[in-house]
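Work through the exercises below with the sequence and the model side by side. Try each task before reading its solution.

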Amino acid sequence: MNSVSDLDSLSGESVVVIGGGFGGLSTACYLADAGADVTVLEKNEQLGGRASTLERDGFKFDMGPSWYLMPDVFEQFFEYFGRSPDDYYGLTRLDPHYRIFFKDGDQVDMVPDLDKNREVFESYEPGAADKFDDYLRKSKRNYEIGMEHFVYTDRPNLRDYIDLDVLRYSWGLSLIGSMQDHVENYFDHPKLQQIMQYTLVFLGGAPDNTPALYNLMSHVDFNMGVYYPDGGLAGVVEAIVELGEELGVEYHTDSPVTNISGLRGGFAVRTEDGREFLCDQVVSDADYAHTEQELLPERKRQYSEDYWESRTYAPSAYLLYLGVEGDVDELAHHTLVLPTEWDDHFETIFDDPAWPEDPAYYLCVPSKTDDSVAPEGHSNLFVLVPIAAGLEDTPELRESYRDLVLADIAENTGVDLRDRIVLEESFCVNDFASRYNSTQGTALGLAHTLTQTALLRPGHASKKVDGLYFTGSFTTPGIGVPMCLISGQLTAEKMAEDAR
């Protein structure tokens with residue numbers, strides 16, 4: 001277990017946390033446990049940030065993250081507070097982990113049984129089973145070293161890397177090159193490359209711009225497994241909120257923040273309804289760019305508008321939440337539909353922004369595992385198509401794209417949903433921007449590109465405002481629910497270090 005640095009110096013401090021996403025909820029727990037007086041202000045009507053819930057007519061949808069990966073991170077988080085995830089929710093390991101439909105008619109399942117996965121790899125390419133073993137050995141090593149020495153340990157400055165221990169641990173890690181280069185060293189078949197790279201969607205990158213180090217996600221996928229928590233990701237949000245309440249955290253929903261003024265020992269945080277919260281320190285889990293550009297005066301901003309415009313953002317998403325009559329037997333709990341060649345899809349996200357004409361997309365059917373998320377005789381289904389952040393989003397574009405996506409699902413999975421939909425909601429670029437104050441409507445934050453990883457991401461502590469801190473997906477360690485949980489620890493540790 002990675003130990004958490006001493007946080008005793010935060011005892012007695014009053015802290016306002018802006019934003020109730022996983023980063024904010026995690027930070028609040030660490031601070032409260034250390035003896036701080038913590039108040040969380042959440043803009044929306046429910047806690048969880050992008051892990052919001054849509055409930056309507058007996059259907060319950062996880063609106064954002066839906067994959068429970070890296071169970072060790074959740075275990076370590078709760079263990080710090082003397083608890084366990086199973087004090088709050090149960091877990092079901094999915095089998096298959098996920099199903100893939102390739103658009104040439106091919107279909108494969110990735111399952112908990114590694115020998116069966118080896119057989120799948122060997123069927124595509126002679127010798128690929130052994131290469132699969134080699135790849136996972138490398139991935140496991142990268143995960144174990146990377147998590148302990150680079151994820152749970154924040155290294156915000158270049159000098160933090162000029163250290164014999166760091167160099168020793170770095171030896172042999174995949175720190176140079178892209179995921180595309182790395183995967184090509186092991187597998188020639190494009191479908192095997194895609195299987196090893198699909199997790200890049202969750203990191204907000206493309207094969208040619210994501211560091212090879214993220215091959216560690218294959219260890220997460222194949223060795224650690226894919227799970228479903230009781231109640232979906234909403235159940236995990238409820239668990240962390242409950243933990244926070246046990247530790248003394250106070251939560252306020254429907255409380256959009258409009259202004260941060262002051263500095264360490266004398267902050268005032270104002271909300272849209274005119275309330276003012278006085279505190280010693282402030283943590284923002286809101287969108288980093290929104291916090292700086294909208295909540296602070298220009299003289300207190302670390303980064304210019306040009307800086308934020310020059311960043312590479314993780315994709316936004318076109319989402320359809322569908323309540324459907326009957327079963328969808330052809331689909332697994334997690335299903336991926338991938339073009340045989342997917343370079344064009346990534347180009348429409350990062351190089352030449354456009355609505356993809358031949359999209360790669362993800363289907364989630366939690367009712368396969370959880371009867372409580374849909375009325376009897378119905379299926380709960382959502383469709384997620386990654387699209388470029390900042391893309392034009394109009395009702396007309398959504399309607400035409402809806403038709404394209406539903407036809408694509410029918411053609412490539414054999415499931416025609418069009419005459420069976422009893423409930424339908426869409427969510428897209430404009431909704432991410434308005435609901436989450438998300439820069440360019442990104443669904444995830446800053447992409448994990450070669451120039452936006454580790455110390456090249458914005459820091460946890462403001463360089464301009466003493467006592468103002470940041471947590472969540474824009475800073476280290478980065479994108480994803482487990483990473484945001486860890487960011488809460490890193491932010492609390494930085495605050496304690498500064499207080500000392």
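Two strands are said to pair if DSSP finds at least two bridges between them. The model used throughout is a predicted one.

**Exercise 1. In which sense do strands β6 and β7 pair, and over how many bridges?**

Solution. Begin with the two strands, β6 at residues 98-102 and β7, the latter covering residues 107-110. They pair in the antiparallel sense, and four bridges join them. To place one of these residues, take tyrosine 98, whose bridge partner in β7 is methionine 110. Next look at the hairpin that β6 and β7 form, where four residues stand between the strands and glycine 105 takes a positive phi near 100 degrees.

**Exercise 2. Which residues of helix α3 are buried, and what covers them?**

Solution. Start at the N-terminal end of α3, which is capped by aspartate 113, with a side-chain oxygen 2.9 Å from the backbone nitrogen of aspartate 115. Within the helix, at residues 114-124, the buried residues are Asn117, Val120, Phe121 and Tyr124. Because they cover an arc of only 95 degrees around the axis, they lie on the same side of α3. The face turned away from this buried side carries the exposed residues Glu119 and Ser123. As for the cover over the buried residues of α3, it includes β6, β7, α4, α7 and α9.

**Exercise 3. Where do the buried residues of helix α15 lie around its axis?**

Solution. First list the buried residues of α15, which runs over residues 429-436: they are Val429, Phe432, Arg435 and Tyr436. Seen down the axis, they fall within an arc of 150 degrees, so they line one face of the helix. The elements against which these buried residues of α15 pack are β14, β17 and β18. After the helix comes asparagine 437, which has a positive phi near 50 degrees.

**Exercise 4. What kind of aromatic pair do tryptophan 67 and tyrosine 198 form?**

Solution. A pair of aromatic rings is described by the distance of the centres and the angle of the planes. The structure holds 40 aromatic pairs. For tryptophan 67 and tyrosine 198, the centres are 5.9 Å apart with 40 degrees between the planes, and the pair is tilted. Tryptophan 67 sits in the loop between β4 and α2, and tyrosine 198 in the loop between α7 and α8, so the pair ties together parts that are 131 residues apart in sequence. Both tryptophan 67 and tyrosine 198 are buried.

Key. Residues numbered from 1 in each chain as written. Predicted model: local features only at pLDDT ≥ 70, side-chain atom pairs only at ≥ 80, totals over all residues. Heavy atoms only, no water. Buried < 20%, exposed > 50% of the residue type's maximum accessible area, 1.4 Å probe, protein only. Arc of directions from axis to C-beta. Contact = heavy atoms within 4.5 Å. Polar contact = N/O pair within 3.5 Å; in protein donor to acceptor, adjacent residues only side chain to side chain. Phe/Tyr/Trp six-rings, centres within 6.5 Å; stacked < 30°, edge-to-face > 60°.
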